[in-house]
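Here is a short report on a fold, its core and its charged pairs. Look over the sequence and the model first.

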Amino acid sequence: MVEVFKTDVKCPFVAQQIIADLLAAFVHVQVSFDLDDCDCILRLEFEKPIHNLLENVQEIIQDNGANVTPLVSNFEYQNVVYPSVSTSLKLSINAILSIF
């Protein structure tokens, strides 16, 4: 699973501190920032759903003096695009989309 956030983090040192805090809070998560992007994107990758992820990420980022806005999540996208499609077809569509 992937969650993507728009932030106002511009400083690499602040980004490193946020990454360290996120890794301390979420053990099995890969975290990356794209500070060159105009939205200073924060990306989290993980295998299993994490309880209160959005709230915890927002708290950690705000504790570091920054603002964060979640972008559309994979879970919301799947439910909007094909809510009545069979599971096997969803997996096929996800596999195709993950290639791009």
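Two strands pair if DSSP finds at least two bridges between them. Helices (H or I, at least four residues) and strands (E, at least two) are DSSP runs, numbered from the N terminus. This is a predicted model, where local features need pLDDT of at least 70, side-chain atom pairs count only at pLDDT 80 or more, and totals for chains, interfaces and linings use all residues. Residues are numbered from 1 along each chain as its sequence is written, and side-chain values use heavy atoms, with hydrogens and water left out.

**The sheet**

Four strands make an open, antiparallel sheet, ordered E2-E3-E1-E4. E2 and E4 (68–70) are the edge strands, and each pairs on one side only. On average, neighbouring strands are turned by 25° against each other, direction ignored. Axes here are lines fitted to C-alpha atoms, for helices over the stretch in contact, and angles run from 0 to 180 degrees between N-to-C directions. Six bridges join E2 and E3 in the antiparallel sense. Val-31 has Leu-44 of E3 as its bridge partner. H1 lies across E2 and E3 and runs at about 165° to E2.

**The core**

A nonpolar core is a set of buried Ala, Val, Leu, Ile, Met, Phe, Trp, Tyr and Cys residues joined through side-chain atoms within 4.5 Å. Buried means under 20% relative accessible area, exposed over 50%, and partly exposed in between (1.4 Å probe, protein chains only). The largest such core has 18 residues, and Leu-22, Phe-26, Leu-42, Leu-44, Val-57 and Ile-61 touch the most other members. H1 (12–25), E2 (29–34), E3 (41–46) and H2 (53–63) each supply at least two of its residues. H2 gives the largest share, four residues.

Which residues does Leu-42 touch, not counting those up to four places away in sequence? Among them are Val-4, Phe-5, Leu-22, Val-31, Phe-33, Val-57 and Ile-61. Contact means heavy atoms within 4.5 Å.

**The salt bridges**

A salt bridge is a side-chain nitrogen of Lys or Arg within 4 Å of a carboxyl oxygen of Asp or Glu. The structure holds two.

| Pair | Closest N to O |
|---|---|
| Lys-6 and Asp-39 | 3.8 Å |

Lys-6 is partly exposed at 39% relative accessible area. Asp-39 is partly exposed at 25%. Glu-45 is partly exposed at 31%, and Arg-43 is partly exposed at 33%.
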